[in-house]
Amino acid sequence: MTAAAHSSVRGALLAVDYVEGDLDALLAADDTLAVFGFGDGAPTHDDPRYLLVGLQPHGPAPFEIWRGQAPVRHGREGDIAWATDGHLQFGAIELDEPDDNDISTAAGAAYRQLLGFVAGHGYPHLLRIWNYLDGITLGDGDEERYRQFCVGRAVGLGAFEPTSLPAATAIGRLDGRRRLQVYWLSAKAPGVPLENPRQLSAYRYPRQYGPQPPSFARAMLPPAGSSMPLLLSGTAAIVGHQSLHADSVETQLDETLANLDSLLATAHARRPELPLHFGPGSRLKVYVRDAAELDHVKVLLNDRLAPSVPRLVLQAAVCRRELRIEIDGVHDL
């Protein structure tokens, strides 16, 4: 293992890495909690710890792997694939939309099952959730699919305290499959949700963004006593609650990185051992809306990030039509 490795552990351990290699060999390791493949070139596999994400990478893509503490147990229960090492739980659910265009109902069903599963299996504290859905910005006004997803997610979450929401990403696939993919990381002990001083908390967005504000925190500090990275939500060029720089992917990238710097500073103030800037212990996923801008974004990233910062560039639709780029990831020593 690289900079993602950890030594003495009192609580939960999570190491996230991007690796080339044989999928069967990765899954054979007894500390593998989850593996993710991306795009049409990634293999299929029936192991419940493996999830094929329908986002196309720009160029050959490594696997993303989560390592916990051996031995990891895994299985399937109904619609849910799961794995656990006794401290952390990985889970994934994929549901087809009713009538091929009802993301609200699918989201509500997914989140009801998710919450019931984590509570019923002893890992009730959600740390991080990823949501991938097709056609995320299709539809007008409150019928836009992302707004409808937010409605369904809130229904599924029920009476969830906003200040306890997990970090999250919601990104649009471009594969035409009306199938909602949700996967998560939960724990026996709670983390600490973080907000960004440069941004209004998403769950406090005004009505202009839809009937239900998005349900997520900007980042999540891991549980006390654990050996885990900071978990960064999907972050874009939003200051306050407004999208900026709609005409420039370059300026949107700079604003996004400024938001991430602000989050790192907020986390550092609570956990001084966390570096203030991305480095070899960081892992970033960069979502780019337009295929024509993928090469340019790679050049921009090379200019703005140190070569030691691993990143995976994926073509994907961001949840607002004017946003060209979004970044999420993890950050550690």
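Mentor: Start with pairing: two strands pair if DSSP finds at least two bridges between them. Helices (H or I, at least four residues) and strands (E, at least two) are DSSP runs, numbered from the N terminus. This is a predicted model, where local features need pLDDT of at least 70 and side-chain atom pairs count only at pLDDT 80 or more, while totals for chains, interfaces and linings use all residues. Residues are numbered from 1 along each chain as its sequence is written, and side-chain values use heavy atoms, with hydrogens and water left out.

Trainee: What pLDDT does the protein chain average?

Mentor: pLDDT is the predictor's confidence in each residue, from 0 to 100. Here the chain averages 96, and 97% of the residues score at least 70. Residues 1–9 stay under 50; for that stretch the model has 18 contacts (heavy atoms within 4.5 Å) beyond four places in sequence.

Trainee: On to pairing, then. In what order do the four strands of the open sheet come?

Mentor: S1-S5-S2-S3, with mixed pairing. Strand S1 (15–19) and strand S3 (50–53) have a single partner strand each, so they stand at the edges and one side of each lacks a neighbour in the sheet. From one strand to the next, the twist averages 20° (axes are lines fitted to C-alpha atoms, for helices over the stretch in contact, and angles run from 0 to 180 degrees between N-to-C directions).

Trainee: How many bridges link S2 and S3?

Mentor: Four, in the parallel sense, with S2 covering residues 32–38. Phe 38, for instance, has Val 53 of S3 as its bridge partner.

Trainee: Arg 49 sits in the loop between S2 and S3. Is Arg 49 buried or exposed?

Mentor: Buried means under 20% relative accessible area, exposed over 50%, partly exposed in between (1.4 Å probe, protein chains only). Arg 49 has 5% relative accessibility, so it counts as buried. A polar atom of the Arg 49 side chain lies 2.7 Å from the backbone oxygen of Leu 27, and its side chain also makes a polar contact with that of Asp 47, at 2.8 Å. A polar contact is a pair of N or O atoms within 3.5 Å; within protein, one must be able to donate a hydrogen and the other to accept it, and residues adjacent in sequence count only if both atoms are side-chain atoms. Beyond four places in sequence, Arg 49 has contacts that include Val 72, His 74, Ala 83 and Phe 90.

Trainee: And Ser 282: which side chain does it join in a polar contact?

Mentor: That of His 331, at 2.8 Å. Ser 282 lies in the loop between helix H4 (249–270) and strand S17 (283–288), and is buried because its relative accessible area is 0%.

Trainee: Now a helix. How many residues does H2 have?

Mentor: H2 (residues 103–120) has 18, reaching 25 Å from its first C-alpha to its last, close to the 26 Å expected; that expected span is 1.5 Å times one less than the number of residues. Its buried residues include Ala 107, Tyr 111, Leu 114 and Val 118. Residues three or four places apart in an α-helix point the same way, because there are 3.6 residues a turn. Among the partners that the buried residues of H2 pack against are strand S8 (88–96), strand S9 (125–134) and strand S11 (179–187).

Trainee: How many of the nine residues of S11 are buried?

Mentor: Eight, so to speak mostly covered. S8 joins S11 through nine antiparallel bridges, with Gly 91 opposite Trp 184. S9 and S11 also run antiparallel, over seven bridges, and His 125 has Ala 187 as its bridge partner in S11.
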